[in-house]
Amino acid sequence: MLDGWVTWPEPFARRYRDAGHWQGRPLDRLLRDRAERAPGRIALVDADGQRWSYADLDRRADRTAAGLRRLGIGPGDRVVVQLPNTDAFVVLFFALLRAGAVPVLTLPAHRESEIVHVAETAGATAYAIPDVLDGFDHRALARAVRKAVPSLEHVIVAGDPAEFTAFDDLDSDPVPLPVSDPSDVAVLLLSGGTTGKPKLIPRTHDDYAYNVRASAEVCGFDESTVYLVVLPTAHNFALACPGLLGTLMAGGTVVLSPTPSPDDAFALIEREKVTATAVVPPIALLWLDAVEWEEADLSSLSLLQVGGSKLGAEPAAHVEPALGCTLQQVFGMAEGLLNYTRLDDPSDLVIGTQGRPLSPDDEIRVVDEDGHDVLPGETGELLTRGPYTLRGYYRAPEHNARTFTDDGYYRTGDLVRVLPSGHLVVEGRAKDQINRGGDKISAEELENHILAHPAVHDAAVVGMPDATMGERTCAYLVPRGEATAPAQRELAAFLADRGVAAYKLPDRVEVVDVFPRTSVGKIDKKALGRRIAERLSAEG
Ligand code: J2J
């Protein structure tokens, strides 16, 4: 059993097993089951049109697992995976599970700062990358990461490997593979983060398989489902809600889009007769515009899931008429809890809420600042525990002591109110995080990076309203002494140089002499948020 993570107390584990949520089967079985039942069906199609049957994918996963074992990668080893939406991701994901290793999923956009931290925290022994993606050479990044993280023995490259191991060379004759304990950790997901450093989320075989299965049921996925992966495959939403894994579990076909642009995505929807996909609100807005001028035939699309940040009621109301498909709002988190509007919900709930919990055993509480339950219908912070919600982050005891109640509820940091129907409306946020169109930015993490700038004495990062992204990032700076604080472009270049992912770079810089303070002397971020919002509206 992997160490450093928090298991569910036995009475809860028993309850989740007795209810049939946890079925005691390793996660990779979802692929094997289908390969045995319908080997010839198409499981996966990449952007170039290469088609994988279930049998092909299953066999290649076994053969790649054999190659991983040959390298010495095996039970309990953590492997950082940073691959784009390509078949290499899918093969490697299953191969790692079958080798007994734990994939640690990162986004293609992550850079040295994030990857080094994740690899270190996970104690990873291997790191899987593309060769070059969008002009960025991941092998150069891997060299830097290896220098910083001595535990990393292997770099696996999809494409030209340079001095590293080629992903294709892992393809080896099958060997006997270990059998995973279904109650053990299957994957480590990356949290959006509210602290100085990103946290890792342990998800077990049992809990993640349930997450996938229950999601596939709620979304009506079956063998006729053709699901387009638009968001990064490593994102919980696109991977497991029901996403790529839910489609394979249901015996459908997964299609991989290299980008969310209407050019790529619409062409694939038309070519592959895609029936379902998942996007964040800015992409939904882009698509709603693009249907006005793009000629692609989107008539096969029957379900558009939108989540990651709040979708406004106005665009929500446009989805069905403009795209001719059902809208589903999804309020989810890599930590676990998923809320879905149901396919047969009345339109006021689909348009005006962020859905209701997936599982009958999801427990939710809405509390005030003192931790007391609010009155029904009032807004407060959402706490949750349940059969697929973590009980603690990986190797983070101090953070866990703050982020979980004594009786195991996860403090989501989201402000919600609950309607009589059980549907949740997201009203805001209590956590120090910016949600930039679904991309999460920890204010503290970014502030720490900014404070390394020699001309910056103090920094406070807040969200500012934005019509497309919901929010963008504004960095308030107090210059050091007589120094001139860096302008936005200089600061962004400085941060990029430190290896911070591009989506975290501040969109705007404001320079002040002093920060407003709360009565207890903390920086008053609410006041700063109001100040930038007023300034933006004055600028028009
Ligand atoms: C408002 N805020 C939302 C929504 C997430 C499905 C969908 C999304 C995620 C995800 C996910 C929101 N309206 N509809 O993992 O499986 C904000 C909340 C939440 C945080 C989680 C999935 N949907 N959010 O976004 O781990 O603040 O997961 O706590 O990236 O996103 O972020 P993340």
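Mentor: Axes are lines fitted to C-alpha atoms, for helices over the stretch in contact, and angles run from 0 to 180 degrees between N-to-C directions. Helices (H or I, at least four residues) and strands (E, at least two) are DSSP runs, numbered from the N terminus. The model is a predicted one, in which local features need pLDDT of at least 70 and side-chain atom pairs count only at pLDDT 80 or more, while totals for chains, interfaces and linings use all residues. Residue numbers start from 1 along each chain as its sequence is written.

Helix α5, residues 112–122, packs with helix α6, residues 138–148, at an angle of about 40 degrees, and their axes are 10 Å apart. α5 is therefore oblique to α6, since angles under 35 degrees count as roughly parallel, over 145 as roughly antiparallel, 65 to 115 as roughly perpendicular and the rest as oblique. The crossing of α5 and α6 is right-handed, meaning that the near helix is turned clockwise from the far one by less than a right angle.

On the α5 side, E112, I115, V116 and A119 take part, and they meet L141, A144, V145 and A148 of α6; contact here requires C-beta atoms, placed from the backbone, within 7 Å. By class, this contact of α5 with α6 comprises seven nonpolar residues, no polar ones and one charged (Ala, Val, Leu, Ile, Met, Phe, Trp, Tyr, Cys and Pro count as nonpolar, Asp, Glu, Lys and Arg as charged, and the others, Gly among them, as polar).

Methods:
Contact = placed C-beta atoms within 7 Å.
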